[in-house]
Each structure stands twice: as C-alpha cells, then as structure tokens.
Amino acid sequence: MSDHEYTPKSKFGKWFNDRLPLLSLASHLTDYPTPKNLNYWWTFGGILTFCLITQIVTGLVLAMHYIAHADMAFDSVEHIMRDVNYGWLIRYIHANGASMFFLAVYIHIFRSLFYGSYKSPREIIWIIGIIIYLLMMAAAFMGYVLPWGQMSFWGATVITNLFSAIPLVGEGIVTWLWGGYSVDNPTLTRFFTLHYLIPFLILGLVVLHIWALHVPGNNNPIGIDIKKPSKDTVPFHPYIVIKDGFALLMFMIVFAFFVFYTPNILGHADNYIEADPLVTPAHIVPEWYLLPFYAILRSVPDKLLGVVAMLSAIFILAALPWLDTSKIRSAVFRPLYRQFYWILVADVLILGYVGAMPAEGLYLLIARVATAYYFLHFLVILPVLGYKEKTLPIPLSITEPVLGGSPNLATAKNNESLNK
Amino acid sequence: MKNFFRIIFLIIFLFGFQHNSNAAEKVEYLKTDWSFKGLFGKFDRASLQRGYQVYTEVCSSCHSMKYLSYRNLAEKGGPEFSEAQAKAIAASFEVTDGPNAEGDMFTRPGKLSDKFVMPYENIKAAQAANGGAYPPDMSVLVKARGGGVDYIYSLLQGYEDPPSGITLDDGVYYNKFMYGNKIKMANQLSDGLVEYADGTSSTVEQMSKDVTTFLMWSAEPHLESRHQMGFKAIVYLIILTILVYFSMKRIWSRIETEV
C-alpha cells in the first residue's frame with residue numbers, strides 16, 4: 001500500500017488517532033489512488049454496497065412485522081402490505097432489491113471476467129467475492145421461502161431434497177435440514193434465522209473484499225500494473241466518489257421503476273397463493289438469478305451427478321485464477337479470449353432461459369449443450385488459450401496508452417475506446 | 001458502449017424468444033382499458049363501488065376476502081365509500097364475536113374494524129359445499145394468477161359449450177381461458193344480474209370489468225399512492241442524476257481523462 005503517513009491536525013485528533021487510527025483509515029479511503037481510466041463497469045462495486053445496505057435496512061424493518069410461523073407467515077406479509085405504514089414500499093424494495101442485487105453482482109462478475117481482475121495478485125479478492133456470491137444465493141433462496149407461498153414451499157422442498165442425492169447419509173441430512181419429515185414450521189424458523197444472519201456475514205466479507213482490494217489497488221480496463229500514486233491515478237475522493245454516485249443514481253432509477261411500477265414482474269404469481277403441501281404447482285421454478293444453475297442441475301439425468309455439476313459450476317469459478325493461464329489481464333489485448341468471453345455470456349443467458357422452461361425435448365438438448373460448453377470454457381478453452389493466443393502489445397502506462405511505433409497501434413486504441 | 005449494446009441486444013433477443021414460445025401455447029386474453037395501468041394509473045371509483053356490489057351479491061357467497069376489513073372500503077385510494085356508507089355496509093353483516101362474560105359466542109352487527117365475513121366456517125366446509133373444490137380466497141387472487149387482471153376478466157366471460165369430443169363430468173364446466181379448460185365454478189354472470197345503483201347497464205362485460213377492478217384494488221390497496229410516489233421519486237432521481245452528472249464533469253475536468 002502506498003499510504004503516506006497521516007497526522008491529524010488537532011491535538012484531540014492526534015490523541016485519538018494514536019489510540020484508534022480511524023482518522024488514518026478515513027484518510028486512506030479518501031486518498032486511495034485509483035486508476036483514472038476506470039469505466040462505468042467499475043461502478044458496480046459501489047452499487048453492490050448500496051444494495052447490501054438497502055437489503056439490511058429494509059430487512060430489519062420487515063423483520064419487526066413478519067411472523068416466522070407456518071400458519072402466520074403468509075398473513076403477516078399481507079399485514080405488512082396492507083396495514084403497516086409504507087409496508088408495501090419496504091417489502092417491494094426488499095423483494096426487488098434482491099433481483100437488483102443479483103443484476104449488479106452478475107455485471108460485477110462479468111466485468112471481472114472481461115478485464116481479468118481475478119488474476120494475480122488479486123486471487124484472494126476474487127475468492128472472497130465467490131464466497132459472497134454463494135452466501136448471496138443462500139440468503140436469496142431462504143428469503144424467498146419466508147413469505148410461505150406456493151413457490152416458497154415447493155422451491156424449499158426441491159432445493160433441500162438435493163441433499164438426499166448424497167449417498168448413505170443423504171436422507172438423514174435432509175431430515176436434519178427440515179427439522180422434521182417435510183418442509184414445515186421448523187424449516188421456516190431456521191431459514192428465517194439464517195436469512196437474518198447471512199447478510200451480516202456478507203457485510204464482514206465485503207470489508208475483507210475491499211481490504212484485499214486496497215492492497216494491490218484496482219485493476220483497470222487495460223489491465224496493466226500502474227504506479228501509485230502517479231499520473232495514472234486519481235484520489236478516490238472526489239473523483240471516484242462522484243462517478244460511483246452518478247452511476248448509482250442511474251441504477252436507482254431502474255430500481256425505482258421496478259419497485260413503483262412493476263413490483264411483481266420478477267416474482268412468480270404462485271407465491272401469492274399460500275403454501276399448500278398437498279398441491280404441487282405445475283412448474284416449480286427458482287427466481288431468475290438462479291436459473292442458469294437450475295438448468296445445469298436438470299441437464300444431467302442422474303440426481304447426484306446433477307447436484308455435483310451444479311455445485312462445480314459455481315466452485316469452478318474459485319479456481320479461475322489458475323485455470324486462466326494467460327499473463328495478460330484485459331481482454332482488450334486478447335483478441336481470441338474476447339470472442340470466447342462473449343460466447344460464454346451468451347451461453348449463460350441461454351442456460352438461464354432454458355432453466356425457466358420445462359426440462360424436455362429441445363430445451364433439454366439446448367441445456368445439455370450449453371452446460372457442456374460452460375465447463376469446456378473453463379476447463380479447456382481458458383487453459384489452452386493462455387498458451388496459444390497471440391496477444392496485442394500492451395501499453396506501459398495509462399497516460400501513454402500504446403507503445404510508440406507498434407503495428408497494432410490503431411487496433412489497440414480502437415479497442416480501448418470501445419470498452420470505455 | 002458497444003459491449004453494452006451487445007448485452008441489451010442479447011437480452012431483448014432472449015425475451016422476444018420467450019414471448020413467442022408462450023404465445024404459441026396460450027389463448028389471447030380479452031383486452032379492456034384498465035384505468036389503473038400506466039404511470040398515473042388510478043382506480044375508477046365508480047367501477048370499484050360497482051365491483052364491490054358484484055362481489056357482495058355474486059362472488060361472496062362462495063369466495064372469502066379474508067385480508068379485507070370493512071374500514072378499507074372507506075379508505076383513500078379504494079372504493080372510497082363515505083364513512084357512514086361503510087358503517088352501514090359493515091352493519092348489514094352478522095359477525096360472530098365472543099366469548100362474552102358467560103363464555104358464550106354471540107353474533108352482532110359488523111363494525112368497520114371487522115374483517116369481511118367468511119362464507120364458510122373453514123376450508124373443509126367450503127369444499128364440502130362445492131363438490132370438493134375450494135373456492136380460493138379473493139384478496140390477492142389477481143396477483144396469484146399469471147395473467148393477472150386480463151386473465152380474471154377473460155375467465156369470467158370465457159364460458160362456452162365444450163367443443164365436440166370433450167365430455168365434462170358433473171359440476172365441471174368448460175372455459176376457454178381456464179388452464180386445461182375445465183373449471184369447477186359454473187358461469188356466474190348473466191346480463192342484468194345485479195342492479196347497479198348508478199344506473200350503469202349491467203352487461204356481463206361491465207360486471208366482469210367492475211369486479212376485476214375491485215379485485216385489483218383488494219390485491220393492491222396502495223396502488224394509487226405507489227404510482228404517485230413512484231412518479232415523484234423517479235422525477236427527483238432524474239433531476240439529481242443530471243445535477244450530479246454536471247458536477248462530475250466539472251470535477252473530472254481537472255484531469256485530462258474523459259468520464
């Protein structure tokens with residue numbers, strides 16, 4: 001870290017800072033040298049922090065009115081929607097906030113994939129990020145169970161039943177998870193407890209994520225190491241603060257549109273039917289942000305192998321810094337990787353789409369091909385590409401974008417401006 | 001920017017694809033103008049009041065409305081009956097209360113704070129009275145059906161004689177908008193079934209529209225304030241975004257890099 005020594009001006013400030021260096025921390029955060037060429041894809045870190053805080057604050061208010069009981073949960077949600085002052089607003093922000101959170105996290109992850117932000121020396125930041133993502137999925141899934149609608153109940157049944165695929169102890173584990181012989185009140189209360197706990201775990205990991213980020217500093221669109229502080233950097237405050245703020249406001253406009261005008265479009269209608277263990281919905285589908293993994297799960301005919309495939313699809317990401325053998329970070333200078341990157345984006349979107357469709361016929365075939373390609377990308381294409389690919393010459397610094405006299409000057413410049 | 005458009009294109013492509021495949025399976029719902037749609041959508045007060053009348057006179061003999069209280073009928077953004085009217089409506093229902101000092105349950109006329117009286121004691125009684133099918137609670141029915149208001153509106157008008165080759169069991173009816181076309185609720189509406197106090201002619205279409213509007217309100221009682229607040233919030237955000245944009249330009253003008 002290129003932290004200059006900070007001394008508070010006032011006597012009290014100095015006295016306090018010697019005992020607890022909060023002022024030094026504040027100074028570090030405001031002066032933190034940030035690459036000046038960060039584009040808007042980099043604003044999603046700030047947006048995600050906003051999402052987390054929004055979920056925690058609205059969640060606290062909801063928890064004051066919600067009743068975690070199988071007979072009362074659904075009624076208490078309707079009570080919030082009708083009789084609690086602005087309860088409808090708080091609940092719609094919380095429910096749509098989950099979707100916005102995932103929208104932002106997917107952009108954040110795919111930004112990292114494009115610009116190679118997971119590569120050395122940022123592997124720990126990346127792995128912490130993957131753990132946060134896993135916890136987010138757990139929190140979102142359990143949160144979806146709490147209203148105790150039909151999709152809540154049956155979603156919980158399907159997902160917890162996945163554990164029964166584990167040989168020998170599977171059934172026992174499922175009973176243990178449920179706290180009984182089916183999804184019922186004990187399941188609901190423990191899900192509520194965990195749903196309340198996980199956001200604070202995420203908050204702690206976010207602190208570690210940012211701490212780990214502040215050691216090497218931000219990656220940047222051209223993916224080179226930069227001197228800090230230098231002509232290539234700007235202090236975090238005010239430059240990045242105002243830019244993140246601007247992007248956050250744009251994000252909030254989209255968010256507000258969902259909350260105020262189409263608050264239920266991202267949810268499933270069946271979740272407004274109270275949970276009924278005797279009636280199974282025609283199609284059990286998870287929320288949109290889990291659909292790609294759901295598609296992978298269903299594309300494998302064997303239950304156990306399906307679960308293994310689904311979990312591998314997530315955990316493979318943690319190994320990414322070592323699977324990608326290329327030394328060049330940014331896809332700007334990797335003409336082939338850039339093509340494969342967009343194929344992967346399309347692949348994941350296709351997986352999401354078939355995840356929402358019944359697992360039969362053509363859909364199942366597409367799901368299988370897309371699943372196979374997903375693993376092919378990480379296990380074969382990325383490692384091989386690092387050795388085979390002819391990368392473009394990379395510039396020495398941000399202020400001098402391209403080495404003088406390079407034959408690829410025009411291409412590199414063109415690419416850089418495209419990705420801004 | 002180019003990448004951004006590529007993503008948008010992909011998303012639109014996928015949504016378009018999804019839309020087409022859905023359209024192939026489903027029947028087109030009947031369309032009507034809903035006053036509550038759009039940025040400034042509000043309920044049509046008269047339609048809500050008529051819809052309440054249809055609900056009470058027709059639907060309420062089987063369908064409960066357990067999340068509504070009589071006080072809601074006088075609240076802002078709803079049918080907005082006067083308080084006196086709402087009290088009179090409440091008082092027209094017999095409510096079981098108790099136990100009293102002697103330990104007995106007793107009945108009394110309804111009050112504003114009472115929930116809508118349920119047509120059946122419990123689900124079993126409802127099933128027993130309806131050939132095994134439980135008439136769903138209608139409080140959030142509109143939100144609990146994929147097609148929403150258009151679906152309910154169409155369903156009420158979708159009764160037909162079954163096409164040849166389809167035989168229906170006793171107590172099962174044919175409805176072209178129902179999932180699987182078989183429904184256990186008989187056609188309830190016929191022209192002139194209720195007599196509207198405001199003189200509107202009570203065609204099946206009109207009654208369907210009114211009662212669906214009423215159901216939309218019962219599912220989303222704060223829809224009007226949501227739309228009003230949403231408009232203010234979004235205008236506020238847009239103005240703030242513009243201001244922040246220019247501040248950002250100003251601040252970044254100290255650096256040679258473009259934002």
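Helix 10 of chain A and helix 7 of chain B are roughly antiparallel to each other, a term used for angles over 145 degrees, while angles under 35 degrees count as roughly parallel, 65 to 115 as roughly perpendicular and the rest as oblique. The model is a predicted one, in which local features need pLDDT of at least 70 and side-chain atom pairs count only at pLDDT 80 or more, whereas totals for chains, interfaces and linings use all residues. Residues are numbered from 1 along each chain as its sequence is written, and chains are lettered from A, with ligands numbered from 1, in the order in which they are written.

Two packed helices are described by the angle between their axes and the distance between the axes. For helix 10 of chain A and helix 7 of chain B (residues 223–252), the axes come within 9 Å and cross at roughly 165°; here axes are lines fitted to C-alpha atoms, for helices over the stretch in contact, and angles run from 0 to 180 degrees between N-to-C directions. Their crossing is left-handed, which is to say that the near helix is turned anticlockwise from the far one by less than a right angle, clockwise being right-handed. The residues of this helix-to-helix contact divide into 23 nonpolar, five polar and two charged, where Ala, Val, Leu, Ile, Met, Phe, Trp, Tyr, Cys and Pro count as nonpolar, Asp, Glu, Lys and Arg as charged, and the others, Gly among them, as polar.

The contact between the two chains takes 31 residues from chain A and 33 residues from chain B, two residues being in contact if their C-beta atoms, placed from the backbone, lie within 7 Å. On the chain A side, the elements that give two or more residues are helix 4 (73–82), helix 10 (236–261) and helix 14 (335–355), and helix 10 gives the most, with 14 residues. Helices (H or I, at least four residues) and strands (E, at least two) are DSSP runs, numbered from the N terminus. By class, the side of chain A that touches chain B divides into 22 nonpolar, four polar and five charged residues. Helix 10 of chain A also holds A:Pro238, and the peptide bond from A:His237 to A:Pro238 is cis, with omega near 5°.

Within chain A, the domain assignment, which is automatic or taken from a database, gives domain 1 (31–266) and domain 2 (285–393 + 412–420). The centres of these two domains, taken over C-alpha atoms, are separated by 21 Å, and their contact takes 27 residues from domain 1 and 24 residues from domain 2. On the domain 1 side, helix 5 (87–115) and helix 6 (123–145) of chain A each supply at least two residues, with helix 6 giving the most, at eight residues. That side of domain 1 has 18 nonpolar, seven polar and two charged residues. The loop between helix 5 and helix 6 of chain A contains A:Pro121, and a cis peptide bond with omega of about 5° joins A:Ser120 and A:Pro121.

Elsewhere in chain A, helix 11 (residues 291–299) and helix 15 (residues 361–388) pack at an angle of about 105°, with their axes 9 Å apart, and that makes helix 11 roughly perpendicular to helix 15. In this pairing, A:Ala295, A:Ile296, A:Arg298 and A:Ser299 of helix 11 meet A:Leu364, A:Ala367, A:Arg368 and A:Thr371 of helix 15.

Chain B has seven helices and four strands, and from the N terminus on its elements run α-α-α-β-β-α-α-β-β-α-α. The domain assignment of chain B gives domain 1 (24–68 + 115–221) and domain 2 (222–259), whose centres, taken over C-alpha atoms, are 42 Å apart; the contact between them takes eight residues from domain 1 and five residues from domain 2. Of the 259 residues of chain B, 28% count as buried, meaning that 20 or more other C-beta atoms lie within 10 Å of a residue's own, with 12 or fewer counting as exposed and values in between as partly exposed, all C-beta atoms being placed from the backbone.

The loop between helix 2 (45–57) and helix 3 (83–91) of chain B includes B:Ser60, which counts as partly exposed because it has 18 C-beta neighbours inside 10 Å. In the loop between helix 2 and helix 3 of chain B lies B:Glu80 too, with a positive phi of about 55° although it is not a glycine.
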